[in-house]
Amino acid sequence: MMARWIGFLRDRAHLVKRVFFAFLVFAVAFDFVIERPYPHFFGDELIGFWSLFGLLGCLALIIVCKGISHVWLEREEDHYDR
């Protein structure tokens with residue numbers, strides 16, 4: 001079931017990207033409309049701060065995880081031949 005779902009999304013990767021970018025644009029546009037009566041953090045006052053924060057956080061997480069995987073999991077080509 002899950003493999004079929006992942007395959008379905010993989011076959012339509014360009015559509016998934018467009019949906020995610022559309023949601024990001026919607027989140028930023030929605031940020032213009034909402035009212036912020038009691039901002040608790042300086043980011044609450046900036047339009048699009050949390051959308052940008054989430055995007056950059058996800059990109060940083062991907063980069064860090066790829067770096068860690070290359071350092072810890074990557075083996076030489078003849079690792080199992082030794």
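Phe-26 sits in helix α2, which runs over residues 13-33. Helices (H or I, at least four residues) and strands (E, at least two) are DSSP runs numbered from the N terminus. This is a predicted model, in which local features need pLDDT of at least 70 and side-chain atom pairs count only at pLDDT 80 or more, while totals for chains, interfaces and linings use all residues. Residues are numbered from 1 along each chain as its sequence is written, and side-chain values use heavy atoms, with hydrogens and water left out.

**Annotated spans**
- The unreviewed UniProt entry carries the annotation "transmembrane region" for residues 15-34 and 46-65; positions follow the numbering used here, feature names are shortened, and annotations may be inferred rather than shown by experiment.
- Residues 15-34 are 95% helix and 0% strand, with 28 Å between the end C-alpha atoms.
- Residues 46-65 are 85% helix and 0% strand, and their end C-alpha atoms lie 29 Å apart.

**Salt bridge**
- The structure holds one salt bridge, meaning a side-chain nitrogen of Lys or Arg within 4 Å of a carboxyl oxygen of Asp or Glu.
- Asp-31 and Arg-36 are the partners, and their closest N and O atoms are 2.4 Å apart.
- Asp-31 counts as buried because its relative accessibility is 10%, whereas Arg-36 is partly exposed at 27%; buried means under 20% relative accessible area, exposed over 50%, and partly exposed in between (1.4 Å probe, protein chains only).

**Nonpolar surface**
- Phe-23, Phe-26, Phe-30, Phe-32, Val-33, Ile-34 and Ile-47 make a nonpolar surface patch of about 760 Å².
- Patches are made of residues with over 30% relative accessible area and no salt bridge, with like charges joined within 9 Å and nonpolar side chains (Val, Leu, Ile, Met, Phe, Trp, Tyr) within 5 Å.
- Accessible areas come from the Shrake-Rupley method with a 1.4 Å probe, and for residues only the protein chains shown count as cover.
- Phe-30, one of the patch residues, is found in helix α2 and counts as partly exposed, because its relative accessibility is 43%.

**Largest pocket**
- The largest pocket holds about 170 Å³ of space, a volume being the space filled by probe spheres set on grid points joined across faces, edges and corners.
- Its lining consists of Val-16, Lys-17, Phe-20, Phe-21, Phe-23, Leu-24 and Leu-55, and α2 gives the most, with six residues.
- On a 1 Å grid over the protein atoms alone, a pocket is an open set of points where a 1.4 Å probe fits, with protein on both sides within 12 Å along at least five of seven lines; lining residues have an atom within 4 Å of a point.

**Other positions and distances**
- Trp-50 belongs to helix α4 (residues 49-72) and is partly exposed at 42% relative accessibility.
- The C-alpha atoms of Trp-50 and Arg-12 are separated by 28 Å, at 38 residues apart along the chain.
- Asp-81 lies in the segment after α4 and is exposed, with a relative accessible area of 66%.
- Between the C-alpha atoms of Asp-81 and Val-16, 65 residues apart along the chain, the separation is 40 Å.
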